[in-house]
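Please look through the structure shown here before reading the report that follows. Its headings take up the cores, the ring contacts and a sheet in turn.

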Amino acid sequence: MRSFPDRACGPFDMTDQHILTIDLGTSGPKAAVVSTDGTLVGAARASVPTTFGPKGAAEQDAELVWQATLEAARGALADAADRSAVAGVVGVVSSAQYSSIVPVGADGKPVAPMITWMDQRGSRKRLRRLPGYPRLAGSPLALLQYLRVHGLAPLEPGMSLNHMRWFRYARPELYERTASFLEPVDYVTARLTGRITANQCSSFMQMLADNRSVPSAGWDQGLVRASMIDPDKLPESVPVGSTVGTVLPTVADALGIPASTPVLSGINDTQAGAVAAGTFSGTHAGLALGTTAVIVTHLQKKKVNPLRSLFTMPSPLGGGHMLSAENGVAGVAVDYFLDQAVYADDSFVTPETVDDRYRAFNEAAAASKPGAGGVLFLPWLRGSLAPQGDGRMRGGFLNVGLDTARTDLSRAVLEGVALNVRWLQDPVEKFINRRISHYVFYGGGARSDLWSSVMADVLGKPVHQMADAGFANSIGTAVFGFDRLGVVAASDLTHRVRINRVYEPDPAKRTLYDNLAGIFADTFKRTRPLSHRLGKLG
């Protein structure tokens with residue numbers, strides 16, 4: 001666990017009210033204490049490893065996830081205390097990565113590992129091979145029902161509903177012990193309160209709610225029947241942002257907060273980031289760059305384009321919907337490059353000689369000219385998502401020569417992720433039927449000035465780099481929590497979001513990146529069949 005003394009922490013006002021937020025990402029939880037003006041007064045994080053196994057398995061130890069969450073929360077509260085102490089935490093609210101599933105017992109504790117969004121065992125082909133799996137499951141009529149009522153159909157293996165189906169038929173003995181299936185955010189809420197619940201926003205990839213109206217009332221019975229999961233193994237439906245309960249005494253003691261502290265029903269990290277970026281009005285969009293890249297903005301009605309993997313989800317603030325266009329691997333590509341190519345733990349050991357590996361990465365990338373010496377990075381390291389979903393697609397570096405330096409490879413990673421977002425940009429603008437004026441840029445990747453500049457140049461639009469970009473989800477979760485508690489309205493908070501710097505696109509680089517964008521899209525089409533053939537060999 002580590003705190004973040006280098007973030008922008010404002011002056012502490014003892015009259016402020018504060019909220020404890022937990023943002024559970026794929027790499028681990030972040031916790032933050034946030035004041036009513038959106039200022040971080042304490043923050044910390046912890047790490048959780050992902051275990052990859054046969055047949056596309058990608059799991060995390062759910063008990064370790066909870067212990068890491070407690071560790072991060074204690075660290076954030078201690079950090080806030082170091083800055084004059086929190087006068088009073090008025091609530092706890094969480095956000096989390098989604099399309100992952102934790103099977104839990106009646107006490108809310110896990111009976112098996114968390115199945116993460118990267119897990120591929122829930123593909124239709126693999127499900128049909130499982131003993132007892134209904135032969136007529138996934139009929140065209142059932143899929144149409146999902147699209148009409150919910151907005152998505154369970155077609156991709158990484159969707160929560162398919163994780164649940166896989167678990168039922170592949171692990172029947174554990175399925176019998178399971179009291180409920182929870183998304184990560186609802187798992188954290190259950191461990192905080194002892195109550196097993198979910199809401200229309202948090203359960204989105206479980207595909208249980210009628211999203212034609214926001215808010216909806218409970219689970220749709222037609223979707224429950226189509227889920228193939230026993231109704232008594234589904235969580236209790238509660239309103240988005242409602243008070244689920246108070247902190248369990250044992251948890252309160254561990255954190256040092258009153259047991260009377262209310263805990264709210266939370267949201268997923270895409271929704272939290274959208275709140276922080278103020279994307280529920282205006283002509284701009286939010287661009288999140290964390291493990292994956294996501295474009296978010298507002299729409300009034302439910303909408304889906306299955307061919308482009310574009311869809312809306314309910315707004316956590318109610319009264320409308322929001323686009324979620326997930327682009328696939330982004331920030332984790334940098335970690336992959338550093339872990340496997342630069343500082344790999346193998347016989348070619350290269351010790352880390354710098355305190356900040358990301359600073360070293362940015363300095364190396366900055367030493368390469370735009371275009372990365374002709375090297376193109378294809379960021380489909382765990383399949384591709386929007387605008388062309390394919391779980392079997394794989395990427396890598398293209399056009400590497402004897403004169404290629406590691407600095408070129410570093411810059412190619414930044415440009416490749418940006419080109420992937422650019423490939424998504426035109427379909428998104430057609431989907432929302434308006435031009436995006438600019439992006440509010442947030443997430444861990446947005447802390448990089450170089451990546452912010454590259455994004456502006458590649459996308460051809462201004463990029464507004466959010467201050468405290470690495471804690472945008474925490475800030476958005478806090479804004480949501482204060483709004484739901486009635487402390488201060490979200491509309492009064494989101495306009496106060498602080499922008500660190502605005503990056504304008506450089507006209508001199510337009511021709512270069514226009515050409516690279518065309519090559520990038522063409523490369524997907526040309527290498528896709530090769531990826532499929534190579535995948536069969538592995």
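**The largest nonpolar core**

How many residues does the largest nonpolar core have, and which of them have the most contacts inside it? The largest nonpolar core has 60 residues, and those with the most contacts inside it are Leu287, Leu289, Ile295, Val428, Trp451 and Met455. The term nonpolar core stands for a set of buried Ala, Val, Leu, Ile, Met, Phe, Trp, Tyr and Cys residues joined through side-chain atoms within 4.5 Å, where buried means under 20% relative accessible area, exposed means over 50%, and partly exposed lies in between (1.4 Å probe, protein chains only). With 13 residues, helix H12 (residues 406–432) gives the most to this core; helices (H or I, at least four residues) and strands (E, at least two) are DSSP runs, numbered from the N terminus.

This is a predicted model, in which local features need pLDDT of at least 70 and side-chain atom pairs count only at pLDDT 80 or more, while totals for chains, interfaces and linings use all residues. Residues are numbered from 1 along each chain as its sequence is written, and side-chain values use heavy atoms, with hydrogens and water left out.

Leaving aside its neighbours within four places in sequence, Val428 is in contact (heavy atoms within 4.5 Å) with Ile295, Leu310, Leu323, Ala325 and Ile436.

Leu234 has its place in the loop between helix H7 (221–227) and strand S12 (236–237), and Leu234 is buried, with a relative accessible area of 11%. Not counting residues up to four places away in sequence, Leu234 touches Met164, Ser180, Leu208, Trp219, Val224 and Ile229. The C-alpha atoms of Leu234 and Ala179 are separated by 7.8 Å, although these residues are 55 residues apart along the chain.

**Aromatic pairs**

A search of the whole structure finds twelve aromatic pairs. Rings of Phe, Tyr and Trp (its six-membered ring) pair if their centres lie within 6.5 Å, and planes under 30 degrees apart count as stacked, over 60 as edge-to-face and the rest as tilted. Tyr133 and Tyr169 form an edge-to-face pair, at 5.3 Å centre to centre with 80° between the planes. Tyr133 lies in the loop between helix H2 (124–128) and helix H3 (140–149) and Tyr169 lies in helix H4 (residues 160–170), so the pair ties together parts that are 36 residues apart in sequence.

Trp380 and Phe520 form a tilted pair, at 5.2 Å centre to centre with 50° between the planes. Trp380 lies in the loop between strand S21 (376–378) and strand S22 (396–398) and Phe520 lies in helix H16 (residues 510–537), so this pair ties together parts that are 140 residues apart in sequence. Trp380 is buried, with a relative accessible area of 1%, and Phe520 is buried with a relative accessible area of 1%.

**A sheet of three strands**

Three strands form an open sheet in the order S5-S6-S9, with antiparallel pairing; two strands pair if DSSP finds at least two bridges between them. Strand S5 (51–52) and strand S9 (114–115) stand at the edges, each with a single partner strand, so one side of each is left without a neighbour in the sheet. Two bridges join strand S6 (residues 58–60) to S9, and Glu59 stands opposite Ile115 in S9.
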